[in-house]
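Morning, everyone. I have one structure to go through today, so please bring it up on your screens.

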Amino acid sequence: TYGTFISLSDNNASAIIVNRYKNVTYITHFPEYDSNEKDIQLLYNALIWSNYTPEQHDLEVEWVKIDKPYVRPKKNFTIEARISNYGLQNETNLTLMLLANGTNLENKTLNLSSMESKEIYFNCSLSNPGTYNISVYAVPNESETFLENNLLSKFIEATNADVILVDDDKAGNYEKYYQQALEDNNISYVIWDVSKYDVPSNSTLLDFNITIWFTGDDFTTTL
């Protein structure tokens, strides 16, 4: 979220933030919790603060989604991104770039009417093992002035690990036993945390030679 602090309490617990690019005023919970007759003035101020003149050109990469946190080197995977045009002008032949650690992997060209959004899909692969910063960049119009929302990034790891260690112990700490055993035997592995990434797909499991799936103390929702 991009915005400007209008007010901040002495203990930094309550704030009022204005995002003029989306015509929104964020007011944290304390003004509402301590409600009184001054709320009418606060509401009026919020309407004034959020009033803005839309930019002529304003592209934003809303979100970036990668279908898995681990991939095999040189194996294709999918990246999805949502790009929006919040400017008053229609954008034609705009370029959307896919970058990996700053290197351009692929470009997409598209048109966006004013206030229109589109989902864009990239299919790509990574040549070597390692952690990659995957970024989607909306190349700005030469007249665009607010550029902080033109780039959005996610991290992904390309790995040749032998084992996928599926952590499904419901926030337990059982993974340490498996990790220690694998490391003692010099076996490469990655951890898939079900609480973070949900259940791995069959295609993900098939990327690895061995799957170790542990559930800790859970005995009611196991496989």
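What share of the 223 residues of the protein counts as buried? The figure is 34%, where buried means under 20% relative accessible area, exposed means over 50%, and partly exposed lies in between, with a 1.4 Å probe and protein chains only.

Some ground rules. This is a predicted model, in which local features need pLDDT of at least 70 and side-chain atom pairs count only at pLDDT 80 or more, while totals for chains, interfaces and linings use all residues. Residues are numbered from 1 along each chain as its sequence is written, and side-chain values use heavy atoms, with hydrogens and water left out.

Overall, the protein has five helices and 14 strands. These are DSSP runs numbered from the N terminus: helices are H or I with at least four residues, strands are E with at least two.

Now the sheet. Five strands make an open sheet in the order β5-β11-β10-β7-β8, and the pairing is mixed. Two strands pair if DSSP finds at least two bridges between them. At the edges are β5 (70-71) and β8 (103-112), each pairing on one side only. Further in, β7 (residues 91-100) and β10 (residues 130-138) run antiparallel to each other, with five bridges. Ala 100 has Ile 134 in β10 as its bridge partner.

Is Ser 135 buried or exposed? Ser 135 is buried, at a relative accessible area of 8%. Its side chain makes a polar contact of 2.5 Å with the side chain of Ser 153; a polar contact is a pair of N or O atoms within 3.5 Å, and within protein one must be able to donate a hydrogen and the other to accept it, with residues adjacent in sequence counted only if both atoms are side-chain atoms. Leaving out residues up to four places away in sequence, Ser 135 touches residues including Met 97, Leu 99 and Leu 151, contact being heavy atoms within 4.5 Å.

Last, the rings. Rings of Phe, Tyr and Trp (its six-membered ring) pair if their centres lie within 6.5 Å; planes under 30 degrees apart are stacked, over 60 edge-to-face, the rest tilted. That gives three aromatic pairs. One of them is Tyr 178 with Phe 214, stacked, at 4.6 Å centre to centre and 15° between planes. Tyr 178 is in helix α3 (residues 175-184) and Phe 214 in strand β14 (residues 210-214), 36 residues apart. Tyr 178 is partly exposed at 33%, whereas Phe 214 is buried at 3%.
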